[in-house]
Amino acid sequence: MKYRKNEAKEYAKKLLHGVWTALPTAFTPEDRLDEAGNAANLEHCISKLELAGHYCIGNVGEFWAMTNEERKRVMDLNVATAKGRIPLIAGCHHQNPYEAVELARHAQSIGIDFVIILTPYIAARSDDAVFDYFRFVCERVDIGVILFNTEQTYPISTKLAKRLATLPNVCGFKQGVSKPQPTTALRDAVGAEIEVSVADEAPFVYSVGVCGDRWLLNYCPHLFQVPGYTPVNDYYKAAVAGDMNRAIELAKSLNPLRSVLAKWVPGYGGAGRMAIAEQKYWMELLGMVGGPVRVPCAEMTADAKKEMRADLEATGLIAKAKAGTGKGERRAA
């Protein structure tokens, strides 16, 4: 461990900042882990996109369709690829608290910096039940635990967030709730103690410039950026430096890509499907490794791929990825 259990909050304050991404898990056509593909995607994010951190095996990582052994292996691959260059978070989501503990202990043993755990979706239907679940897990591990609040599970209110923040190794909060009011209340309740990230790129410039956030944990950074063209990184840096005019200009330039994302990747399971295949195809169009999805996710049709490619080509991002023209644009910015 890089820190003691009671130092988790302090350690998180030092590391949980900047632009982080969350990659899908790459599988082979034979439905096995694509170890080389997973490593290549993370290396791309570190050395080519210069992202500040990575979260593996989350919702977009199809954790719910993977065995524990596969999830542990992905953690191993992340550590071996990152080589300490960026901090790492491992998704240890599980309805069974003993399985969550097992996954978190593995992450702890191999040098992962933090784990993130979704609120259980069955039985945990009250503040006391949710608190008991996280207390059970936290008492059995030393690694820092980040909470993941979504509208798909029992909501973590500000009152419950304050209780959970008393657990010594609860050190971060990924807010996947669409309405701004609960997030404002959450920041007011626990923001001084633990880091909060709104799991949405679109309001990030506002979150940084107005709300004082310093951390984005979302899948957009590797979808919106290519080597030499990193507008999310750049507008974050401009906002932190106080150059809000430049930050807003850069953030506004991403609107065409946000429109494509809204059409093809409409949030967590919106439009009747988990749009993981769409994310993987988007990555392939940018030169990353995509590959198949696992059931119950569905693959894209050939017509859908053709339409999505045309939409993305219209933004100019595919041309930037192929020709590297974004490199000159970045220097000129």
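Reader: Hi! What should I know about the model before we start?
Author: It is predicted, so local features need pLDDT of at least 70 and side-chain atom pairs count only at pLDDT 80 or more, while totals for chains, interfaces and linings use all residues. Residues are numbered from 1 along each chain as its sequence is written, and side-chain values use heavy atoms, with hydrogens and water left out.

Reader: Thanks! How many disulfides are there?
Author: The count is 0, taking a disulfide as a pair of cysteine sulfur atoms within 2.5 Å.

Reader: Is cysteine 138 buried or exposed?
Author: Cysteine 138 is buried, at 3% relative accessible area. Cysteine 211 is partly exposed, at 28%. Buried means under 20%, exposed over 50%, and partly exposed in between, with a 1.4 Å probe and protein chains only.

Reader: New topic: how many aromatic pairs?
Author: There are 9 in the whole structure; rings of Phe, Tyr and Trp (its six-membered ring) pair if their centres lie within 6.5 Å, and planes under 30 degrees apart count as stacked, over 60 as edge-to-face, the rest as tilted. One of them is phenylalanine 204 with tyrosine 236, stacked at 5.7 Å centre to centre and 10° between the planes.

Reader: Are phenylalanine 204 and tyrosine 236 buried or exposed?
Author: Both residues, phenylalanine 204 and tyrosine 236, are buried.
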